[in-house]
Amino acid sequence: MKWRLRLMMLFEYAIWGAWYVTVSTWLGKTLHFSGQEIGAVAGTTAIGALISPLFVGLLADRLFDTRGVLAVLHIVGAVLLVVAAQQHTFAVIYTVLLVYSLCYMPTLALTTSLAMRHISDPREEFGAIRVFGTLGWIVVGLAVGTWGVEATASPLLLAAALSVVMAVYCLSLPATPPLARNQRFELRHALPLESLHLLRDRSMAVFALASFLICIPLQFYYAFTNLFLNEIGVVNAAGKMTGGQMSELFCMLLIPWFFRRLGVKYMLAVGMLAWVVRYAMFAFGGTDQLMWMLWLGIILHGICFDFFFVVGQIYIDREAPSALRAATQGLITFLTYGLGMFVGSWLSGWVVDVNSSTVAQGIVVHDWHAIWLIAGGCAAVVLVLFVLLFKDRRAEASSPVATTA
């Protein structure tokens with residue numbers, strides 16, 4: 001069972017990694033889109049995440065087997081990716097990729113909830129399953145970089161082919177019927193409103209707010225790192241960026257060990273601190289003698305992602321009632337990959353345009369030093385607020401001091 005779930009994660013994240021990392025280079029260097037246009041296209045996934053609770057909370061929790069929902073969404077997504085690869089204008093590319101994202105982004109929460117339904121201890125077992133999603137991202141990143149197609153539409157076609165494979169594979173997954181099938185349907189079930197009462201707890205509310213805010217500077221990385229590396233002359237940028245996913249593999253396997261020693265709060269805080277350090281490395285790094293700083297910024301991705309997002313998923317699964325876990329995962333997806341990255345996509349595009357200038361023959365030059373310092377400053381503010389406000393009451397209750405008291 002675990003190997004079947006691991007293969008599901010491999011296909012799921014290989015699809016996203018195939019096109020999302022390099023789309024900014026295709027749009028910027030080949031189609032000459034502006035920073036705001038690139039940010040907007042990158043933000044289509046955020047809009048998809050905004051509506052994903054509709055699919056997760058209604059379709060998977062109450063109406064249909066998760067396998068069928070995943071298969072349909074991926075096959076439709078494959079067709080849309082092929083169409084997007086043939087376009088050249090902003091309006092059409094944006095529209096097609098927006099519709100695609102409405103299909104793909106719900107599958108992130110669906111695969112997470114499906115995996116957690118079929119394992120006995122998510123805190124101990126989920127990391128070793130989710131790590132295969134990272135492996136899939138690495139494989140396609142190396143392939144795209146080796147083929148030298150970062151500035152073309154070929155990554156979109158690769159993602160389309162992987163989507164077809166994923167759609168077929170989903171039908172072989174274990175049956176995952178909705179847990180709330182016998183409950184009477186009400187309009188409020190179409191959105192994860194039932195999960196909102198969990199935000200009455202201060203710790204959950206602070207976690208949700210921090211998750212939203214940290215995704216604003218996060219979008220700087222996803223939308224513009226590949227373009228940044230290509231502009232400053234880094235060879236095979238897509239391949240080198242997989243170093244971040246390689247470190248993610250290592251860090252994810254260590255999650256159970258760190259979870260027992262650091263707890264939720266400090267693992268989340270270390271994850272956010274890594275974002276601050278990463279952007280500082282990008283701001284001051286460069287090719288030749290300073291290439292080590294760029295490598296460090298890339299490799300920190302393991303801590304940046306795993307210690308915040310994966311630990312956050314485990315935290316949600318621990319705190320939410322069993323019948324609301326999928327919907328609550330969808331709510332956090334709404335706040336992070338949805339609302340947070342939507343705001344981040346427009347802010348990052350605006351910051352990039354403000355810190356750019358046009359030179360001879362229409363070539364655009366960016367002040368990446370200033371861009372990365374702004375992103376790092378935003379992450380630092382979120383980190384400070386989180387450390388001051390968040391308390392993991394369950395960890396405190398089980399501490400020796402609390403037990404003695």
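A: Let us begin with the largest cavity, whose lining residues divide into nine nonpolar, seven polar and no charged; here Ala, Val, Leu, Ile, Met, Phe, Trp, Tyr, Cys and Pro count as nonpolar, Asp, Glu, Lys and Arg as charged, and the others, Gly among them, as polar. This is a predicted model, in which local features need pLDDT of at least 70 and side-chain atom pairs count only at pLDDT 80 or more, while totals for chains, interfaces and linings use all residues. Residues are numbered from 1 along each chain as its sequence is written, and side-chain values use heavy atoms, with hydrogens and water left out.

Q: How many cavities of 30 Å³ or more does a search of the whole structure find?

A: Rolling a probe the size of a water molecule over the atoms shows where empty space is left. On a 1 Å grid over the protein atoms alone, a cavity is a set of points where a 1.4 Å probe fits but cannot get out, a pocket is an open set with protein on both sides within 12 Å along at least five of seven lines, and lining residues have an atom within 4 Å of a point. The search finds five such cavities.

Q: What volume does the largest cavity have?

A: A volume is the space filled by probe spheres set on the points, and grid points are joined across faces, edges and corners. For the largest cavity this comes to about 170 Å³, and of its 16 lining residues the closest to the centre are Gln313, Ile332, Thr333, Thr336 and Tyr337.

Q: What is the volume of the largest pocket?

A: The largest pocket has a volume of about 370 Å³, and Gly28, His32, Glu231, Val364 and His366 are the closest to its centre among 17 lining residues.
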